[in-house]
Amino acid sequence: MTLTKLPAVMLAGGGSGAASGFINPESYGLKAVGVSGADPALNKIALESALAAGPVLLPSKTYQVTGIDFTGKIILLGCGADSKLVVTGAGAGIHIAIPAGNVGTILRDFSIEPSVSGGGTYGIHCEQTHANGYMANWEISGISMDLSKPWGSISINLDNHIASADGFFTGVIEKCVMTTGPNGGIVGDHIGDSIIIRKNVVSGGLGVSINCIQVAGARQLVIQDNNLTSRNGQIYLEACGQATIRNNWCEHPAYMGEFVGVVTTAELFLTNCYMCDILYNTISGGSGQPGPDGITPIAGASYGVRLVGTTQLTIIGPRNWIAAVGIAKISDTSTSGTNSAISTGTGANVLA
């Protein structure tokens, strides 16, 4: 991403909010559950109109909407988990189309959930729609998603399926709570440089907790301080450069039942990655522990950490704690022969 592409406000370090302050979307007709005339389809129109007018502060109420569709930058803040959007439609809860440049989008401190378990498609869907599009200096933080109501596909989806060269960069997903849905918790498709995923809870479900593919040449993905539990592996990285996976709790709890392994055979799985560091993580695959009946052992992940494809110059350690997996705690079947696991001294991994 060249600096000359960025708007002048970003180059100058300018802010992202409107000078007049935040908009109360109820002034545009948004009506809370229980208020006469509240209608999900009308609420969709009202909230989209408010977002088009400027940064929105969502009151501490519950609102039903059929989903939000928006093109370009938005700022939507809540007052915490009690600011709630309940999505009755079949699509995404919030869909942001990115036709060219999007700088400064903020989604912060509210709840969003489908009206029924498995409803909708994505909780939050940011989608690149232009070959030269990009989303920069963005933030998704403090978003609460009901753990008992997974989305129909993915909780948070950074979607650059068109492989725009710039795509998503310089952004953060943090302090969010979600389940995975069948296809993932946090998914990044062809993401770019300098993205941080930290301090999130991804609990339960059948998808991989964090699943990221980088666009060619991208670097510096940080996955840190997350609490991840899934039956299909916790972290899957493909074609990622200089990724840091640090201080994460990665577990397949036995009470969830058998390992699914649709995408990966390991709790942490790296394919065709370059110069990544995996350190200070707790990794437990669930194999051999008593399952939901308290007696019968369940089958867990085959591996704790697995490197495949052309993965190279990757270091496993120091001080990962890896336990309860079926075949091997660490497996490197990549073709590079340049990876290493710290196995001796005070910085060694613990293979329990």
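**Exercise 1. Is Glu-174 buried or exposed, going by its relative accessibility?**

Before we start: this is a predicted model, where local features need pLDDT of at least 70, side-chain atom pairs count only at pLDDT 80 or more, and totals for chains, interfaces and linings use all residues. Residues are numbered from 1 along each chain as its sequence is written, and side-chain values use heavy atoms, with hydrogens and water left out.

Step 1. Get the cut-offs: buried means under 20% relative accessible area, exposed means over 50%, and partly exposed is in between (1.4 Å probe, protein chains only).

Step 2. Glu-174 has 13% relative accessibility, so it counts as buried.

Step 3. Now find its place: Glu-174 sits in strand β13 (residues 167-174). Strands (E, at least two residues) and helices (H or I, at least four) are DSSP runs, numbered from the N terminus.

Step 4. Look at who it touches, where contact means heavy atoms within 4.5 Å. Skipping residues up to four places away in sequence, Glu-174 meets Ile-140, Ser-141, Gly-142, Arg-198 and Asn-200.

**Exercise 2. Describe the aromatic pairs of the structure.**

Step 1. Rings of Phe, Tyr and Trp (its six-membered ring) pair if their centres lie within 6.5 Å; planes under 30 degrees apart are stacked, over 60 edge-to-face, and the rest tilted. The structure holds 2 such pairs.

Step 2. Take Tyr-134 and Phe-169: with ring centres 6.0 Å apart and planes at 40 degrees, the pair is tilted. Tyr-134 belongs to strand β11 (residues 134-141) and Phe-169 to strand β13, so the pair ties together parts that are 35 residues apart in sequence. Tyr-134 is buried at 6% relative accessible area, and Phe-169 is buried at 7%.

Step 3. On to Tyr-236 and Phe-269: their centres are 5.5 Å apart and their planes make 5 degrees, so this pair is stacked. Tyr-236 is in strand β21 (residues 235-238) and Phe-269 in strand β24 (residues 266-271), so parts 33 residues apart in sequence are tied together. Tyr-236 counts as buried at 11% relative accessibility, and Phe-269 counts as buried at 11% too.

**Exercise 3. Follow Leu-221 from the core to its strand.**

Step 1. A nonpolar core is a set of buried Ala, Val, Leu, Ile, Met, Phe, Trp, Tyr and Cys residues joined through side-chain atoms within 4.5 Å. The largest one has 63 residues, and Leu-221 is among those with the most contacts inside it, along with Ile-140 and Leu-237. Helix α2 (residues 40-53) gives the most to this core, with 4 residues.

Step 2. Strand β19 (residues 221-224) has Leu-221 and Ile-223 on its covered face, and Val-222 and Gln-224 on the uncovered one.

Step 3. Check the neighbours, remembering that two strands pair if DSSP finds at least two bridges between them. Strand β16 (residues 195-198) pairs with β19 in the parallel sense over 4 bridges, and Arg-198 has Gln-224 as its bridge partner. Strand β22 (residues 244-246) also runs parallel to β19, joined by 3 bridges, with Ile-245 opposite Ile-223.
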